[in-house]
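Morning, everyone. I have one structure to show, and I'll keep it short. Here it comes.

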Amino acid sequence: MVLAQVIVFNHICLFGYAVPLVFIYLIIKLPMTMSTNWVLTVSFLLGLTIDIFSDTQGMNSLACTLLGVLRRPVLRLYFPREEEMSMPMPSFRSLGVAVYLKYVFSISLIYCALFFMIESFSLFNPMRLLIKIASSALLTFIIIIAIDSLTFRRNEKRL
């Protein structure tokens, strides 16, 4: 995902606003049983790696670390009992389709809001900032769901 982000997705900018930030899929898919310290470490290192190759001076590191902190509370908004998850990793199967879609969209929106607010560091042009956040979050959400649906296997009984 990091390689795909650096080589392909960093060079996509639809209509001058929407930038897919799909590497956050790795943070989304971290197991819920993983300790907070490890989640923060992995999130920071993931953001740092993207920063090194994208020349973004720590913006991804900060946003990824904050996303690592907010990941569990966001999931608890939609799925209050983690112990009822069938698998520790968030997925269509463990959370259900509706809950998983809300979770992924919320995480995408939070990350895009954090990233673009850190990037602008001011609210000089708030309408442009809101358009960038909304369009990038939507594009990121669509691509992450597409990637996740490619890896999702249904257990269907065939006749």
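Some ground rules. This is a predicted model, so local features need pLDDT of at least 70 and side-chain atom pairs count only at pLDDT 80 or more, while totals for chains, interfaces and linings use all residues. Residues are numbered from 1 along each chain as its sequence is written, and side-chain values use heavy atoms, with hydrogens and water left out. Helices (H or I, at least four residues) and strands (E, at least two) are DSSP runs, numbered from the N terminus.

Start with α4. This helix covers residues 59-78, which is 20 residues. What span should we expect at 1.5 Å a residue? The rule is 1.5 Å times one less than the number of residues. For α4 that comes to 28 Å, and the end C-alpha atoms are 28 Å apart, which agrees.

There is a kink in α4, though. A bend of about 40° lies at Leu70, shortly before the proline Pro73. The bend is the angle between axes fitted to the seven residues ending at a position and the seven starting there.

Next, burial. Buried means under 20% relative accessible area, exposed means over 50%, and partly exposed is in between (1.4 Å probe, protein chains only). The buried residues of α4 include Met59, Ala63, Leu67, Arg71 and Leu75. What do they pack against? The partners are α2 (25-28), α3 (36-54), α5 (92-95) and α6 (97-120).

Take α3 with α4. Their axes come within 7 Å and cross at roughly 155°. That makes α3 roughly antiparallel to α4. A word on the terms: axes are lines fitted to C-alpha atoms, for helices over the stretch in contact, and angles run from 0 to 180 degrees between N-to-C directions. Under 35 degrees counts as roughly parallel, over 145 as roughly antiparallel, 65 to 115 as roughly perpendicular, and the rest as oblique. The crossing of α3 and α4 is right-handed. On the α3 side the contact (heavy atoms within 4.5 Å) includes Val39, Phe44 and Leu48. On the α4 side, Cys64, Gly68 and Arg72 are among the residues involved.

Now α4 with α6. These two pack at an angle of about 150°, with axes 9 Å apart. So α4 is roughly antiparallel to α6. This crossing is right-handed. Among the α4 residues here are Leu66, Leu70 and Tyr78. They belong to a set that meets α6 residues including Tyr103, Ile110 and Phe115.

On to α7. This helix has 26 residues, 126-151.

Look at α6 against α7. The angle is about 140° and the axes are 8 Å apart. That makes α6 oblique to α7. The crossing is right-handed. Contributors from α6 include Tyr100, Phe105 and Ser108, and those from α7 include Ala137, Ile144 and Ile145.

Stay on Ser108, which is found in α6. Is Ser108 buried or exposed? Buried, because its relative accessible area is 0%. Leaving aside neighbours within four places in sequence, Ser108 touches Ile24, Ala137, Thr140, Phe141 and Ile144.

Now the loops. Val22 is in the loop between α1 (2-7) and α2. Val22 is buried too, at 0%. Beyond its neighbours within four places, Val22 contacts Met1, Gln5, Phe9, Thr140, Ile143 and Ile144. Met32 is in the loop between α2 and α3, and counts as buried at 5% relative accessibility.

Which phi values do they have? Asp55 has a positive phi near 55°, in a residue other than glycine. Gln57 has a positive phi of about 50°, although it is not a glycine. Asp55 counts as exposed at 59% relative accessibility. Gln57 is exposed at 65%.

That's my tour. Over to you.

Note on methods:
Left-handed = near helix turned anticlockwise from the far one by under 90°.
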